[in-house]
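Hi,

Here is the model I promised to pass on.

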Amino acid sequence: KLKNRKQRENFVLPIIQELSLTYGISTDLMMGLIRVESNYNPKAVSSKGARGLTQLMPNTAKEVGVTNPFDPRQSIEGGMKAFNKIKNSYLPKEFKRQRLRFNYDKLNKNQKETLALYAYNIGSRGFTNILQRAGDDAKDYNSAVKYMKGWYAANKKRGDDYASKVLKFAKSYRVEDAKNLNISKTTIPPGVGGSMWWAFIRFGN
């Protein structure tokens, strides 16, 4: 039995590293998401019924083929599938359906991931409904993110800005890992990033 968060982190890290190569989601981003969602507790259950490391709702778990949400590997893989579905399918469709002020398809990968984090937390349609009601206050990516920060501030039950929390933890995992291994970014070869970055600093080249 893993008694503290650090032990749980170390347990799930190899699973995340492996699956990140399959689903194209950086290890640090997934580490941050799980930290915010469940604090690495595979048995976590929210008041709304979300379960496991990635806090999948029962219907979402079924959609992505998860039969046991408390199984760490299933939860992580299911969370990655759900995140990719939001980023690559649901959000593009919702942006077009609701005729939002800016073109989702023209955003870069990091921008799409940030918006997908909001949708992961709120729900794709719920998130795009918020942007639609915002009108000109969400006329482009930067103003949309600014609007969402205000939305979270006004909806205290949701907690702090979700995407910012995940990205903050994701960044801390990159920095902490490099610091613990006494490796600076300048020692990492060009082109090594995301999941490859984690593999490089942990296992060398």
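**Helix packing and the pocket**

In this predicted model, the axes of α5 and helix α6 (residues 124-134) come within 6 Å and cross at roughly 115°. Axes here are lines fitted to C-alpha atoms over the stretch in contact, with angles from 0 to 180 degrees between N-to-C directions; helices are DSSP runs (H or I, at least four residues), numbered from the N terminus. Leu115, Tyr118, Ala119 and Ile122 of α5 meet Ser124, Gly126, Phe127 and Ile130 of α6 in this contact (heavy atoms within 4.5 Å). Six of the contact residues are nonpolar, two are polar and none is charged, with Ala, Val, Leu, Ile, Met, Phe, Trp, Tyr, Cys and Pro taken as nonpolar, Asp, Glu, Lys and Arg as charged, and the others, Gly among them, as polar.

Ile122 turns up again in the largest pocket, where Gln55, Met57, Tyr120, Asn121 and Ile122 lie nearest the centre of a 28-residue lining. That lining divides into twelve nonpolar, nine polar and seven charged residues. Helices supplying at least two lining residues each include α5 (109-122) and α4 (72-97).

On confidence: mean pLDDT (the predictor's confidence in each residue, from 0 to 100) is 87, and 85% of residues reach 70 or more. Residues 181-205 stay under 50. Where pLDDT is low, the predicted coordinates should not be read in detail.

Residues are numbered from 1 along each chain as its sequence is written, and side-chain values use heavy atoms, leaving out hydrogens and water. Local features need pLDDT of at least 70 and side-chain atom pairs 80 or more, while totals for chains, interfaces and linings use all residues. A pocket is an open set of points on a 1 Å grid over the protein atoms alone, where a 1.4 Å probe fits, with protein on both sides within 12 Å along at least five of seven lines; lining residues have an atom within 4 Å of a point.

Cheers
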